[in-house]
Amino acid sequence: MPHQLLSLLCPALRIPRLAVLCAQLRPRAMATSTSSWELPLVAVCQVTSTPDKQQNFKTCAELVREAARLGACLAFLPEAFDFIARDTTETLHLSEPLGGSLLGEYKQLARECGLWLSLGGFHERGQDWEQTQKIYNCHVLLDSEGSAVATYRKTHLCDVEIPGQGPMRESSSTMPGPSLTPPVSTPAGKIGLAICYDMRFPELSLALAQAGAEILTYPSAFGSVTGPAHWEVLLRARAIEAQCYVVAAAQCGRHHEKRASYGHSMVVDPWGTVVARCSEGPGLCLARIDLNYLRQLRQHLPVFQHRRPDLYGGLGRPLS
């Protein structure tokens, strides 16, 4: 399908301009001989979740079906794709176990569309729900048959106070995950799972890259103050230092009277170039993943061979 026709079908794609930009910015020595149409295509979905779970599913399902029609092998949904509640009480009330009805609908959607789904942050009632009365922020990866092939529970919880944005106390309702999840092989490449605030911790991205990740995912719901200042800068930094593609599906717009999100979902290549991004509102963008380009970049710039883990971690104490 021509680039121009893709843009007419989905204005948020912006493929022609970005594809040219990517080719121009790549070092000449690392050009790929593979036709762009032979490379795996991924879709990044941007939504405005509300407390209405079924309406949220309807919106996400429409984007996933559009991604499948356009030929994507994998679609990424943002953190809190299931809902964004007004307060902690509502969050806990709306949460479900992984075996609940909502995730069942997404499994059926994956089977129907024949593509993989990155469900970037599900409000999960874990096995310890009865004891803790707290949930997990769980990133679930489904294959094209609807099977959950990986889960990652957010390890870094966002307890911050940003002037002008209001306090965030994720730990008031959420338990931190116990560990990282090994990268998972998908039709687009090996994916390392993370969630939103995790992007502020480069140790996580480096650990996933050293474990074999080629694509890092940061599904997010970034605020209106930190978004303009940090969103793109952090994503590009993670891509450059880990020499990975970075895929960041984001929440956008006003969810209810108490909360709004920055949006600007994007894909960054291992050189740090933004190769696709969404516009302001709900929609999707597409990007092709060129693993030959990634491998050439790592060969020409072998930073992981030059790392000195024997020197790291021995200086000082954490800042208070």
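**A tour around helix H8**

Start by selecting helix H8 (residues 226-242), which lies across strands S10 (215-217), S11, S14 and S15 and runs at about 30° to S14. Helices (H or I, at least four residues) and strands (E, at least two) are DSSP runs, numbered from the N terminus. Contact means heavy atoms within 4.5 Å; axes are lines fitted to C-alpha atoms, for helices over the stretch in contact, with angles from 0 to 180 degrees between N-to-C directions. You are looking at a predicted model, where local features need pLDDT of at least 70, side-chain atom pairs count only at pLDDT 80 or more, and totals for chains, interfaces and linings use all residues. Residues are numbered from 1 along each chain as its sequence is written, and side-chain values use heavy atoms, leaving out hydrogens and water.

Next, colour the sheet: six strands form an open, mixed sheet in the order S8-S9-S10-S11-S14-S15. At its edges sit S8 (184-186) and S15 (274-277), each pairing on one side only. Neighbouring strands here are turned by 25° against each other on average, direction ignored.

Now zoom in on S11 (residues 245-248) and S14 (residues 266-268), an antiparallel pair with three bridges. Two strands pair if DSSP finds at least two bridges between them. Pick Val247 and you will find its bridge partner, Val267, in S14.

Step back to Gln243, in the loop between H8 and S11. Gln243 is not a glycine, yet has a positive phi of about 50°. Is Gln243 buried or exposed? It is buried, at 2% relative accessible area (buried is under 20%, exposed over 50%, partly exposed in between, with a 1.4 Å probe and protein chains only).

Finally, visit Ala80, in the loop between S2 (74-77) and helix H4 (88-94). Ala80 also has a positive phi, about 60°, without being a glycine, and is buried at 8% relative accessibility.
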